[in-house]
Structure formats: C-alpha cells, structure tokens
Amino acid sequence: MTQTVPEQAIVTPAHGGSTESKREWRKYISFSTDHKVIGIQYLVTSFIFYLIGGFLATLVRTELATPASDLVSPDLYNGLFTVHATVMIFLWIVPAATGAFGNYLIPLLIGARDMAFPKLNAVAFWMIPPGGILLMSSFFFGAPGSGWTSYPPLSLVDNQVGEAIWILSVLILGTSSILGGVNFIVTILKMRAPGMGLNQMPLFCWAMLAASCLILVSTPVLAGALILLSFDLIVGTSFFNPTGGGDPIVYQHMFWFYSHPAVYIMILPVFGLISEILPVHSRKPIFGYKAIAYSSFAISFLGLIVWAHHMFTSGTPPWLRMFFMINTMIIAVPTGIKVFSWLATIWGGKLRLNSAMLFAMGFISMFVIGGISGVMVASVPFDIHVHDTYFIVAHLHYVLFGGSVFGLYAGIYHWFPKMSGRMINEKLGKAHFILTLIGFNICFLPMHKLGLEGMNRRIADYDPKFAVLNVVSTIGAYILAVSTFPFIFNVLYSIFKGEKAPSNPWGGLTFEWQTTSPPPHENFAVDPVLLIAPYEYGTEEAKEIIKAGPFLATAAAEG
Amino acid sequence: MNIPGSITTLLIGIGLTVISFWYGQNHGLLPVAASEEAVGIDNLFNLMVTIGTGLFLIVQGTLIYSFFKFRRQPDDDTDGPYVEGNIPLEILWTAIPAVIVLIIAVYSFEVYSRIGGLDPMAHSMAHAPATQQVAYGSGAAIAAPLVPPTDSNPHAAMVMAATDPATAAVRDETIPPAQDAPEMGVTTPRIGATPDNAGQSAAYQINATGLQFAWLFTYPDTGIVAGELHVPVGKEILLNISANDVLHAFWVPEFRLKQDAIPGRQSELRFTPSKIGEYDVICAELCGAYHGVMKTKVIAQTQADFDTWVQEQQVANSPDALKTAIAANPTTPDQFLAPFVQDLGINAAVVEQLHPAHLHASAH
C-alpha cells in the first residue's frame with residue numbers, strides 16, 4: 001500500500017521531506033476514492049462556500065442597515081439573498097452535514113474500510129465545485145432574483161439567464177446529494193462490523209440513515225419541479241406559467257415536497273453529531289438511545305407530510321391546511337424527545353467544557369428557540385400573520401444557523417484531532433464560540449419582533465419605523481462575520497503548528513478513537529469487532545478500551 | 001438552611017408558571033389589533049408565547065445550571081454515573097409535549113374556524129360582481145367533494161376580478177382565469193365568513209388586484225377605482241384578490257390577515273375592520289426588484305366618513321379614475337407598466353401560438 005506512506009508521514013514526527021508532503025497535499029484535489037479524503041474535500045469546499053454565502057449575507061445586512069435601498073440596486077439585492085440562501089443550503093449545510101461528516105465518519109463509526117461505492121462517492125463530491133462555480137457565475141449575467149424558492153411566474157420573467165443558471169446548478173447539486181444518499185444507506189446497512197446490529201450503531205448512523213431516506217424520496221421531486229420550470233423558462237411551455245393556463249401553485253407543492261424535508265436533511269445529521277459529542281464530553285452514556293434513534297425516523301417520516309405548511313396563504317384548501325398544521329406540530333414530539341434526552345445526558349455528568357461541548361450545548365440552546373417558534377408558525381391562524389415576514393427569517397436562522405451551523409462547528413472541533421492529527425487551540429475555540437453566540441443572537445433575535453410588527457421579508461426598502469432593530473441586527477451580523485476569523489486562524493494554525501493529537505484525546509468509545517489520528521489508509525489494520533456499545537461510559541470495560549490506545553491500527557504495524 | 005428538593009422543585013415550577021403567564025400577556029410584540037379576526041389570533045399567540053416561555057426557561061435553565069454545577073473538576077478524570085435511560089421519564093416527556101401540541105392544535109383549529117377559515121359555503125356565495133356588471137359567477141362549493149354542488153351552473157366559475165372592466169387597462173389578457181374542475185370547486189384558499197355570518201353576503205365586496213408594484217382596489221357596487229383601500233369599521237368586507245403578473249400577497253399586519261394574490265385565480269379574504277385608523281397594506285410575496293415599495297394604505301373609517309368618501313369618489317368618477325388611482329402611486333402608469341408589459345409580452349406571443357384562441361374564449 002504505497003498510499004499509506006504519506007498518511008504515516010503526518011503521524012510520525014516531521015521526517016517526511018518535501019516530496020511526500022507535496023503528494024499529501026495533492027491528494028485533496030485529486031479524484032480520490034478514500035472516504036476520509038472525500039469527507040475533508042467536502043468539508044473544506046463547503047466551508048469556502050459558507051464564507052462566500054456569509055459574505056453575501058453581510059452585504060444583505062449592510063443594505064438593510066438603512067431603510068432606503070442605497071447600497072446595491074434592488075435587482076442585485078434580490079440576487080444577493082437568493083444566492084445567499086442557495087449557497088447556504090445546497091453548498092454549505094447539506095454537503096457539510098451529509099457529505100463531509102457522513103463520508104468521514106460513517107465508515108469509521110461502523111468499522112468499515114471505506115464507503116460501499118468509493119468511485120460514486122468521488123463523483124458525488126466532484127459535482128459540488130462545478131455546481132457552485134456555476135451558481136456564482138450567475139452574477140455576471142444578472143443573478144437569479146426570485147428567492148431560493150424561485151416561485152413562478154416571477155422566476156419566469158425576472159433575470160431569465162440567471163434563473164436558468166440557478167436551475168442547472170441546483171440540479172447538479174441535487175444529483176450529487178442523491179448519489180451520496182444511496183452510498184450512505186448501502187454502507188450503513190451492509191458494511192457494519194461484526195456484532196454491530198442496528199441497535200448498537202452510533203446514533204450518527206441512525207440520523208444519516210433517516211436523512212438519506214429523505215434525500216432519496218424527496219430530491220427527485222425537486223429535480224422534476226426544476227426541469228418543468230426550466231421548460232417553462234427556456235422553451236415556453238406552461239406547466240406553471242399562468243399566461244398559458246399553467247398553475248403556479250403546483251410548483252410550490254413540488255418545490256416544498258423536497259424543500260421541507262431538506263430542512264431535516266440539514267438538521268438530522270447534526271442531531272446525530274450532537275448525540276455523539278455530548279456523551280463523550282459529559283462522560284455519561286447517551287440517555288435513551290432507542291428513543292433518540294427511532295425519533296430520527298419519526299421526524300424523517302413526518303417531515304415528508306408537512307410541506308404545505310409553507311403554503312398556508314397560497315394554495316391549499318382549508319381542510320388540508322388543518323392536516324398539515326397538525327402533522328407539523330406532531331414533529332415537535334420526536335424533536336422534544338431528542339432535546340430532553342440530550343439534557344438528561346448532560347445532567348449529572350462531568351462536563352468537559354471545551355469548544356466542541358460549548359458548541360453542542362449552544363446548539364441545544366439555540367435550536368430550542370427555533371423549535372418553539374416552529375410550533376408557533378405551524379399554527380395556521382398565526383402563520384397567516386407572520387408568513388413571509390422577518391419572524392420566519394428569525395425562525396429559520398435559529399433552526400439552520402443556531403441548529404445546523406452550531407452543530408457543524410461542534411463536529412469540527414470534536415473531530416479535528418482525528419481528521420488532522422493535531423489538537424485545536426481551545427482558547428481561540430472558546431473565543432469563537434462566544435463571538436458566534438453573541439453575534440448570532442444580536443443578529444437574529446430582533447427579527448422576531450420585526451416580523452410580528454409588520455416587516456416583510458425579501459425587501460431592500462423598509463419602513464423607517466423598523467430602523468433601530470435593523471441596525472442592531474446588522475451589528476450582530478458583523479460580529480458574526482468577525483467570529484469566523486478566530487476559527488479560520490485557529491484551524492490553519494493548528495493544522496501546521498498544533499500540538500500532536502493522541503489517538504483518543506476525548507476518551508471516546510466509537511471505533512474512530514481506537515485507530516490512529518489521523519486514521520491510516522483503510523482506517524483499521526484489523527477488522528473491528530464490536531466489543532462494547534458505543535456509549536458505555538462509566539463502566540470498567542470502557543476504561544480498558546480507552547486505555548488500550550489505537551489497538552485497531554497498531555496491529556498493522558506489528559503484523 | 002436546608003430546603004428539601006421537592007419544595008425547591010415546586011417553587012421553581014411556580015416561578016416558571018408565573019413568569020410564563022406574565023410574559024404571555026405582556027410580551028408587547030404585536031402591533032395594535034384592528035380587525036375582529038385579530039383578537040382570536042392574538043389570544044392564540046399569547047397562549048403559545050406562554051407555553052414557549054415556560055419551555056424556553058426549562059431548557060435554558062437546565063443548560064445553564066448544568067454548565068456551572070456539572071463542570072468537570074480539574075483533577076477529576078473519572079466518568080459520570082452510568083445512567084442509560086429512564087422509561088417513565090421518557091414516557092413523561094413524550095406525553096407532555098404531545099398534550100401541549102394537541103391543545104395548541106385544537107385551539108388553532110377553533111380560532112381558524114372562528115375567523116372563517118373553514119366556512120364551507122363562502123366560495124359559491126362570494127363572487128363579487130365585476131364593476132358595473134351584473135354577472136354573478138357561481139362557482140362550485142368549496143367542499144364540493146363532500147357536498148354535491150347545489151349551483152345550477154357550476155361550470156361558470158369565473159374569476160370576477162380578472163374580468164373587471166375597471167382594471168382592463170392594466171390587465172394582462174394572456175392570463176386565462178383558472179377553470180377548476182367542477183367537482184373540485186375553486187380550491188383557492190381563503191378566509192371566508194365567520195360562523196356567525198355564514199351564508200350571508202359580506203356588507204361590502206371589493207376587488208383587489210396586485211400588479212408590479214402597486215395595489216388597485218375597485219368597488220363593484222359603486223364603480224370606484226382607488227389606489228388605497230377604504231373600509232368602514234364594523235362592517236364585513238369581502239376582498240376578491242387577484243394578481244395581474246406575478247404572485248403578490250395582500251397583508252395588513254394590524255388585521256393579522258394575509259392572502260396571496262395568484263395570477264389567473266381569485267382568492268378571497270373576508271374580515272371585519274374594528275378600529276379606526278390608517279394601516280399599511282403590504283405585499284408579502286416577493287414580486288420583483290421593487291417588492292419592498294409595493295405598499296399602500298388601508299383607511300378604516302366610520303360609516304359616515306366612508307359614505308362621504310364614496311360620494312366624493314363617485315363625483316370624480318370618470319374613465320379617468322384609473323389614472324387617478326395610478327397617479328396616487330409614486331410612478332406614472334407608463335413606468336410601472338413597463339416591466340411586465342415587456343416581460344410578459346414576449347411570453348404572451350409564444351403562448352398565443354401554443355394555445356388556440358378558444359382557451360381564452362372559454363374563459364368568458
């Protein structure tokens with residue numbers, strides 16, 4: 001195995017020489033089939049797009065610092081928030097949560113040497129950069145300005161070239177997501193280590209299984225909607241165009257049939273990350289393993305039958321509104337089970353309050369706010385008031401930023417030693433956490449009130465009576481933008497200069513902590529066998545396993 | 001001082017309840033309520049704020065308490081207690097949220113019904129006649145799949161606002177009014193008559209047309225065309241909402257009511273203004289670059305003031321009325337018509353070839 005050489009070059013103290021480190025670097029821009037390389041490719045690529053999306057958001061907030069539309073043209077403003085949302089969803093949270101952590105962690109967590117379809121995996125990743133660059137190119141042709149929802153008829157008449165680019169880009173990214181989903185399901189179901197039944201799987205695998213099912217069921221419907229939309233746009237058909245007798249509401253149904261489950265595609269894997277991180281740093285078993293595992297599937301199933309709650313003011317008959325309202329509210333039950341189980345996991349533990357744990361606790365705290373406002377907006381009479389207002393903007397950012405992004409940061413801090421072989425600087429990590437928490441709340445908390453008082457979303461120009469809270473919100477956005485600097489510096493510094501990471505810095509019990517940091521090519525020297533359920537902290541067996549070091553990898557060196 | 005744990009829990013519980021109820025009534029987050037429908041919606045919101053506050057305090061309190069109480073001591077490398085779960089506790093925290101969402105769902109259903117969301121007959125009754133036309137279009141009943149249509153002519157479902165002569169000058173004729181299947185009825189959702197008013201016609205019927213980037217209101221009974229919406233307080237108003245180019249949404253935050261305006265369809269909003277004042281009418285559905293400035297006023301006034309306004313308008317009423325209405329908006333007619341004439345004009349030509357003329361003819 002020639003490729004193991006550069007791997008070990010990292011582990012052993014700097015002797016490697018320049019050629020090896022060059023090869024090491026190159027593998028991350030190659031068509032690698034190693035799931036760890038692909039996972040890191042996903043993570044780095046999606047983080048770069050996160051910075052781009054964040055830059056667009058900062059422009060949006062700068063425009064909104066004053067009531068008048070004075071920074072960018074109104075047309076470009078619509079392009080900014082449209083591309084911001086598209087980037088954050090399709091190029092950051094989905095690829096980071098499923099692509100990055102799914103690819104990096106699943107084979108390690110279940111004791112496999114790679115994903116089931118390594119080449120398909122590489123294909124799925126390599127669709128992301130062209131899809132993303134294509135989307136960005138739309139700014140040269142008039143960026144799509146009809147929101148990430150792209151409702152016709154507006155999307156058919158507004159910046160048509162940009163819209164066509166947007167459709168093609170999202171189709172590419174959606175296809176990538178489907179390919180990933182197939183891979184995750186097969187890998188989880190077929191490649192688990194001996195002794196690991198479904199009920200002994202780490203909870204991240206349950207979450208990924210549920211999210212992948214959603215990807216497979218719903219993403220093709222989005223593709224269908226977008227293909228029909230592109231026919232309307234490019235060849236003048238009338239599927240959704242009322243000018244020819246088409247029905248714009250049908251598009252909304254098809255779009256949200258994917259795009260509501262997409263919320264769960266973005267949050268379920270993060271739930272999984274949190275379920276992995278909390279027990280390790282609380283030094284306690286996860287509380288209610290089965291409830292957490294099965295509630296992922298309950299959320300996944302219910303997530304498929306709530307889409308029309310985005311359409312309470314548009315196109316559903318009254319009885320159907322009631323159906324979708326009740327389904328939506330029921331989702332609060334499995335979600336509540338998870339939140340209370342996490343709190344019970346922390347309760348009475350011995351909390352190691354490092355950056356990963358802080359972000360994980362911050363995740364619970366922020367996500368719960370989004371969950372509470374989520375139940376509120378599920379209620380039809382109230383949603384009729386707040387639909388398409390800043391209340392919704394606040395709600396969705398508490399779920400997707402307070403939820404998904406906090407969780408992704410927790411995951412990055414938690415697995416950074418495993419991925420890079422270096423420890424990350426905790427002081428900078430904590431500064432990052434505090435800045436993020438403060439900036440996030442200053443930015444998004446005032447939006448609840450703005451929406452309730454009458455500020456509609458997607459506007460460049462607003463009533464001067466909303467000016468004060470908008471200035472507050474913009475200041476929060478700047479703090480949030482600044483908060484990424486300590487993180488970026490920390491990661492870059494730690495990759496090169498960080499303290500060498502031991503194989504099991506946190507005392508974790510899942511397989512990845514029983515191999516070296518970073519794991520060798522094909523992860524394990526011996527085929528792992530499940531000795532102990534993944535969260536048995538507080539037992540004698542756990543202590544022995546943690547003490548044993550990277551025994552799943554060292555056997556290779558010996559043998 | 002040694003207080004038993006159960007008493008501490010009780011005190012915390014009472015404290016949480018008091019704070020939640022206080023905040024639920026005193027959050028001050030909503031603007032003034034200016035329609036009869038708003039009262040129920042506000043009460044519902046207050047209840048949800050009360051429950052939400054309690055939940056928020058429990059979760060954040062637990063996190064903050066754990067943060068300080070359970071942090072690892074520097075010299076302590078041992079694990080925490082081995083607790084894998086607690087079935088009764090898990091059942092409890094499944095059952096309590098289930099009951100809470102059930103309560104909110106039932107209450108929401110009740111409020112929705114009270115503001116007229118479930119009014120089954122509204123649609124067949126509610127078509128406003130077009131301005132100075134006597135044609136009542138009779139649509140199929142909204143609950144047609146459940147109740148056989150009683151209308152003699154269910155196929156004549158016509159979108160009146162879309163054929164209103166008063167808006168002819170700005171109307172995009174290439175958008176055919178939606179013809180829903182007779183057995184389904186016109187399924188565009190709406191807020192219909194409240195249960196008290198079910199089966200009665202609203203006191204005033206007004207057509208609202210959304211176009212990039214203005215609202216146009218026509219009063220079919222009197223032929224008035226206006227850029228601002230005048231309504232008398234205490235009277236039930238039926239708005240027939242349609243759109244001329246892209247999606248718009250009619251929203252008055254003080255009324256707590258919102259309804260999308262959909263090209264080719266008619267949607268309805270039935271409400272009773274209750275408080276005299278001027279409120280913003282906001283377009284809440286992204287409709288293009290100037291979406292943010294698509295705003296006008298609704299003037300809720302006394303019946304006497306409203307009647308005076310109607311008389312003034314009728315005096316001024318002439319074929320120029322439309323121009324007056326448009327002049328009230330910041331742009332000239334040419335300016336605000338240009339984008340959609342240009343954009344849809346191209347599509348219209350293409351579509352005209354694909355769709356023979358009978359499609360349009362059948363709409364009339």
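1. A residue is called buried here if 20 or more other C-beta atoms, placed from the backbone, lie within 10 Å of its own, exposed if 12 or fewer do, and partly exposed in between. The model is a predicted one, in which local features need pLDDT of at least 70 and side-chain atom pairs count only at pLDDT 80 or more, while totals for chains, interfaces and linings use all residues. Residues are numbered from 1 along each chain as its sequence is written, and chains are lettered from A and ligands numbered from 1 in the order in which they are written.

2. Strand β11 of chain B, residues 295–301, is mostly covered, with five of its seven residues buried; strands (E, at least two residues) and helices (H or I, at least four) are DSSP runs numbered from the N terminus. In chain B as a whole, 47% of the 364 residues count as buried, and the chain has eight helices and 11 strands.

3. Two partners of β11(B) can be described, where strands pair if DSSP finds at least two bridges between them. Strand β5 of chain B (residues 229–232) pairs with β11(B) in the parallel sense over four bridges, and Pro232(B) stands opposite Gln301(B) of β11(B). Strand β10 of chain B (residues 277–283) runs antiparallel to β11(B) and is joined to β11(B) by six bridges, with Lys295(B) in β11(B) as the bridge partner of Ile282(B).

4. Turning to how the chains meet, 85 residues of chain A are in contact with 85 residues of chain B, a contact being two residues whose C-beta atoms, placed from the backbone, lie within 7 Å. Among the helices of chain A that each supply at least two residues to the side touching chain B are α4 (74–110), α10 (248–282), α13 (332–346) and α17 (426–453). That side of chain A divides into 44 nonpolar, 29 polar and 12 charged residues, where Ala, Val, Leu, Ile, Met, Phe, Trp, Tyr, Cys and Pro count as nonpolar, Asp, Glu, Lys and Arg as charged, and the others, Gly among them, as polar.

5. Within chain A, α10(A) and α13(A) pack at an angle of about 15°, with their axes 9 Å apart. Because of that angle, α10(A) is roughly parallel to α13(A), a term used for angles under 35 degrees. The contact is made by Phe271(A), Ile274(A), Leu278(A), Pro279(A) and Ser282(A) of α10(A) and by Lys338(A), Trp342(A), Thr345(A) and Ile346(A) of α13(A); by class, six of these residues are nonpolar, two polar and one charged.

Terms used
Axes fitted to C-alpha atoms, helices over the stretch in contact; angles between N-to-C directions. Parallel < 35°, antiparallel > 145°, perpendicular 65-115°, else oblique.
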